[in-house]
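Here's a quick tour for anyone meeting this one for the first time. Have a look at the model below, then read on.

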Amino acid sequence: MGAQTNVAPIIIKKKKSSGGDGHHGGAWKVAYADFVTAMMAFFMLMWLLNATTEKQRKGIADYFSPTIPIHRISGGGNGYYAGDSLQSEEILPRMGSGATNTNPVDADRSRGDSGLSIDGGPHDGQPDDLATVESAFRSHSGESAVEDELLRHVVTKVTDEGLIIELFALEGRPLFEPNSDKPTPILRDLARLVVHAAALVTNDIAVGGHVRAYPAPLAENPVWTLSAARADSLRRVLETVGEDPERFRRVVGHADNHLATTDPLDERNNRMEVILLRH
């Protein structure tokens, strides 16, 4: 008992910590996160202003604007909602793509004789205009079974020379009577589509004729005369259905020199080209 009385007593002290000491709670973390987010948004805004064009910035502003119910090139319903094709002659001037050849607007006429757009770039015959014509063919797809059948004969592509509208024959559906330059009703219907689409621009026109090869050497191979005659026949058909004769700059027969398929005798090689030339 005497030994135990010499042991020092053990004292345990509990210290209470208040919430306002130390790191002062987590409120500063929320404030710092808001600051970092704001700085990230600021630098993203500065990057967008430096890396985008005026047209792109306008598109971004339209996307975030609460006063615009839809994008200006949308469609369906009344007015803009009418469900019309975006590439139709009636919609193009209203959707902001500029005037067309048959429906000029005041902004287009105010450009004067220079043909320059508001931003200083060329207006007629440029890629955007040719792409509009190219889209005019796609916009007909699905409108009727007749037009869908006609569009099976059409291939379009934009090249350095201009927009090439290729019209080609199918098995059992020729563009001309056999071994002649007499056009079939199919070619006349295709010519109407071409004239309607070409009216969207003022580019000059070139016409080219291609024919398939003949199976055996002939004393007088008709590929040159036939391709040239068919090219001129197509030119006359285009004029008949409404094309301005002053727009034609070249009518050429290419014979069988540029085949579309690996089989020289394939009917697909009987084709015509209408080229909307770049200015």
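How many helices and strands are there in the protein chain? There are 7 helices and 5 strands, where helices (H or I, at least four residues) and strands (E, at least two) are DSSP runs, numbered from the N terminus. Keep in mind that this is a predicted model, in which local features need pLDDT of at least 70, side-chain atom pairs count only at pLDDT 80 or more, and totals for chains, interfaces and linings use all residues. Residues are numbered from 1 along each chain as its sequence is written, and side-chain values use heavy atoms, leaving out hydrogens and water.

**The whole chain**

- Starting at the N terminus, the order of elements is α-α-α-α-α-β-β-α-β-α-β-β.
- Of the 279 residues in the protein chain, 32% are buried; buried means under 20% relative accessible area, exposed over 50%, and partly exposed in between (1.4 Å probe, protein chains only).
- Take the contacts (heavy atoms within 4.5 Å) with a separation of 6 or more: 62% of them join residues 24 or more positions apart.

**Helix α7**

- Helix α7 covers residues 223-240, 18 residues in total, and spans 25 Å from first C-alpha to last. That's close to the 26 Å expected at 1.5 Å a residue, the expected span being 1.5 Å times one less than the number of residues.
- Its buried residues include Val223, Leu226, Arg230, Leu234 and Leu238.
- An α-helix has 3.6 residues a turn, so residues three or four places apart point the same way.
- The buried residues of α7 pack against α6 (185-198), β3 (205-210), β4 (248-253) and β5 (271-277).
- After α7 comes Gly242, with a positive phi near 125°.

**Gly209 in β3**

- Gly209 sits in strand β3 and counts as buried because its relative accessibility is 0%.
- Leaving aside neighbours within four places in sequence, Gly209 touches several residues, among them Ser227, Ala231, Val252 and Met272.
- Gly209 and Asp256 are 47 residues apart in sequence, and their C-alphas are 9.3 Å apart in space.

**Rings and charges**

- There's 1 aromatic pair in the structure: Phe42 and Phe43, edge-to-face, at 5.5 Å centre to centre with 65° between the planes.
- Rings of Phe, Tyr and Trp (its six-membered ring) pair if their centres lie within 6.5 Å; planes under 30 degrees apart are stacked, over 60 edge-to-face, and the rest tilted.
- Phe42 is partly exposed at 42% relative accessibility, while Phe43 is exposed at 52%.
- The charged end of Arg268 sits over the ring of Phe168, 3.7 Å from its centre; that label requires NZ of Lys or CZ of Arg within 6 Å of the ring centre and within 35 degrees of the ring normal.
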